[in-house]
Amino acid sequence: MSESNDTTGHSKDAGWNVGVRKTVAAPVAEVWAYLLGKGLPMWLGDIDELPAKKGVRYRTNDGVRGTIRGFEEKKHVRLTWQPEDWPHDTALQLTVSKSAAGATIEISHEELADREERRMMLGHWHRVVDSLVAHFE
């Protein structure tokens with residue numbers, strides 16, 4: 001299959017999307033507290049605090065903006081995510097779940113514009129999750 005026909009990461013409902021997940025040897029509560037505290041800039045951008053209420057807008061100091069679409073404490077946050085140089089917003093979800101080895105961190109990014117944007121964000125989210133995992137090692 002040629003690259004132009006490759007539909008890996010494309011679905012009818014979510015458009016172009018990526019998902020990255022890794023498990024860390026730490027309890028869910030500790031991982032969640034880090035991701036929404038000191039680790040927040042690692043995945044969302046330069047921001048002091050993320051609103052925990054659906055419908056509230058946010059903006060990072062480095063230009064990412066969006067709206068909280070869902071928030072369940074110690075489980076997941078779903079939001080729109082749009083860097084200032086993108087003409088469209090996307091859907092981003094951060095999930096933390098219990099696993100046999102500790103906690104699994106998962107980032108799902110949907111509604112990407114095309115295959116190239118998907119490729120770029122796949123690399124980005126792998127680097128982000130690897131950095132988050134390194135914190136718990």
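Which residues have the most contacts inside the largest nonpolar core? In this predicted model, they are Trp43, Leu50, Leu79, Trp81 and Trp125, and the core they belong to has 37 residues. At least two residues of this core come from each of β2, α1, α2 (40-43), β5, β6, β7 and α3. Helix α3 gives the largest share, with 7 residues.

Setting aside neighbours within four places in sequence, Leu50 touches Leu36, Leu40, Trp43, Leu44, Tyr58, Ile68, Val77 and Leu79.

Now for the overall layout. There are 3 helices and 7 strands in the protein, and along the sequence they come in the pattern β-β-α-α-β-β-β-β-β-α. The 7 strands form an open sheet with antiparallel pairing, in the order β1-β2-β7-β6-β5-β4-β3. At the edges sit β1 (10-11) and β3 (57-59), each of which pairs on one side only.

Inside the sheet, β4 (residues 65-72) and β5 (residues 76-81) run antiparallel and are joined by 4 bridges. Gly70, for instance, has Arg78 of β5 as its bridge partner.

| Helix | Strands touched | Direction |
|---|---|---|
| α1 (residues 28-35) | β2 (15-24), β4, β5, β6 (90-99), β7 (102-112) | about 150° with β6 |
| α3 (residues 115-136) | β2, β5, β6, β7 | about 15° with β2 |

So which residues of α1 are buried? They are Val28, Val31, Trp32, Tyr34 and Leu35. Looking down the axis of α1, these buried residues fall within an arc of 165°, so they line one face of the helix.

Of the 137 residues, 45% are buried. As for the contacts between residues at least 6 apart in sequence, 46% of them join residues at least 24 apart.

Definitions and conventions:
Residues are numbered from 1 along each chain as its sequence is written. This is a predicted model: local features need pLDDT of at least 70, side-chain atom pairs count only at pLDDT 80 or more; totals for chains, interfaces and linings use all residues. Side-chain values use heavy atoms; hydrogens and water are left out. Two strands pair if DSSP finds at least two bridges between them. Contact means heavy atoms within 4.5 Å. Axes are lines fitted to C-alpha atoms, for helices over the stretch in contact, and angles run from 0 to 180 degrees between N-to-C directions. Buried means under 20% relative accessible area, exposed over 50%, partly exposed in between (1.4 Å probe, protein chains only). The arc is that of the directions from the helix axis to the C-beta atoms. A nonpolar core is a set of buried Ala, Val, Leu, Ile, Met, Phe, Trp, Tyr and Cys residues joined through side-chain atoms within 4.5 Å.
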